[in-house]
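Here's a quick tour for anyone meeting this structure for the first time.

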Amino acid sequence: MNEIIKITDLSCPQLDVYNLRSEVQLLHYYEPEEGIFIAESPKVIKRAIDAGYKPISVLVESSHIENKNAEVSDILNDIENAPVYMAEFDVLTKLTGYKLTNGMLACMRRKPLPSVADICTGATRIAILEDVVNPTNLGAIFRNAAALNVDAVLLTPACADPLYRRAARVSMGTVFNIPWTISEKVYDEVKSLGFKTAAMALTNRSISVSDPAPKSEEKLAIILGNEGNGLKPETVSMCDYTIKIPMREGIDSLNVAAASAVAFFELC
């Protein structure tokens with residue numbers, strides 16, 4: 001049975017990870033070992049636990065425990081040796097600085113990132129995200145990828161962290177369901193694994209996303225770029241395909257998360 005501790009002192013050092021640390025600091029919390037992250041909402045926490053992530057502690061709204069919330073109870077039954085801190089909603093808001101989604105947070109240990117080769121073995125459709133920096137967009141892309149048959153997601157180092165609280169929450173926890181990793185040489189690696197590359201970009205040589213040629217490829221990597229600048233010119237030039245989403249005259253692009261849904265639906 002996990003120890004349930006009612007919060008009476010907001011300066012308790014065990015709560016520092018929830019109110020005093022930025023997510024970048026959490027990423028480096030245990031260096032040189034892997035860091036930690038904060039998962040928000042019962043659904044996200046449950047998917048993280050099912051994927052093998054270990055909670056260090058849990059922070060939960062008192063009413064969920066007092067009313068025996070079934071989803072919260074299932075999570076608490078799934079974890080061992082992790083203190084459970086509880087408090088009223090207003091106290092939790094004061095502690096964290098924001099209103100909790102469904103009244104639950106968990107501090108969890110990260111796992112070592114896999115190699116590109118490890119997560120692409122057996123894959124036929126993968127997504128590569130180049131410098132996608134907005135956590136909301138990143139989370140939405142992961143949700144689209146999980147729903148629309150993408151086998152893995154690869155990120156360049158400048159991307160937002162998929163385990164940032166907002167990214168994981170927007171993804172509905174699918175960042176824990178779909179394999180992903182970060183690589184500085186992602187394009188060289190996927191080409192060496194036999195993937196054809198498709199840049200989502202508007203150029204003079206762009207073909208429609210509904211064109212049969214990229215769809216017929218046995219192994220295809222779909223590449224999506226930065227929210228403001230799109231893909232780097234050198235990335236576009238090295239790709240086997242450049243693909244556009246046809247749209248009404250005068251409108252040249254979609255939000256990257258929306259574009260990912262269209263591309264994944266058509267190509268995966």
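On the α3 side, P42, K43, I45, K46 and I49 meet E71, V72, I75 and D78 of α5. Sorted by class, this contact of α3 with α5 has five nonpolar residues, four charged ones and no polar ones. Keep in mind that you're looking at a predicted model.

**How α3 and α5 pack**

- Helix α3 covers residues 42–50 and helix α5 covers residues 70–78, and the two pack at an angle of about 25°.
- Their axes are 10 Å apart.
- Angles under 35 degrees count as roughly parallel, so α3 is roughly parallel to α5.
- The handedness of the α3 and α5 crossing is left-handed.

**How α8 and α13 pack**

- Helix α8 (residues 135–147) packs against α13 at an angle of about 15°, and here the axes are 8 Å apart.
- That angle makes α8 roughly parallel to α13 too.
- This time the crossing is right-handed.
- From α8, the contact takes in N137, A140, I141, N144 and A145; from α13 come V256, A257, S260, A261 and F264.
- By class, the α8 and α13 contact has seven nonpolar residues, three polar and no charged.

**The nonpolar cores**

- The largest nonpolar core has 52 residues, and the members touching the most others are L129, V153 and F176.
- Helix α13 (residues 256–267) supplies the largest share of this core, with six residues.
- Leaving out residues up to four places away in sequence, L129 touches L138, I141, V153, L154, L155, T156, C159 and L224.
- Another core, of 19 residues, lies apart from the largest one, and its members include C120, V186, Y187 and L231.

**Two residues with positive phi**

- K68 isn't a glycine, yet its phi is positive, at about 55°.
- You'll find K68 in the loop between α4 (62–66) and α5.
- K68 is exposed, with a relative accessible area of 64%, and over 50% is what counts as exposed.
- M172 is a residue other than glycine as well, and its phi is positive, near 60°.
- The place to look for M172 is the loop between α9 (165–170) and β8 (180–182).
- M172 is partly exposed, with a relative accessible area of 29%.

Definitions and conventions:
Residues are numbered from 1 along each chain as its sequence is written. This is a predicted model: local features need pLDDT of at least 70, side-chain atom pairs count only at pLDDT 80 or more; totals for chains, interfaces and linings use all residues. Side-chain values use heavy atoms; hydrogens and water are left out. Axes are lines fitted to C-alpha atoms, for helices over the stretch in contact, and angles run from 0 to 180 degrees between N-to-C directions. Helices (H or I, at least four residues) and strands (E, at least two) are DSSP runs, numbered from the N terminus. Angles under 35 degrees count as roughly parallel, over 145 as roughly antiparallel, 65 to 115 as roughly perpendicular and the rest as oblique. A crossing is left-handed if the near helix is turned anticlockwise from the far one by less than a right angle, and right-handed if clockwise. Contact means heavy atoms within 4.5 Å. Ala, Val, Leu, Ile, Met, Phe, Trp, Tyr, Cys and Pro count as nonpolar, Asp, Glu, Lys and Arg as charged, and the others, Gly among them, as polar. A nonpolar core is a set of buried Ala, Val, Leu, Ile, Met, Phe, Trp, Tyr and Cys residues joined through side-chain atoms within 4.5 Å. Buried means under 20% relative accessible area, exposed over 50%, partly exposed in between (1.4 Å probe, protein chains only).
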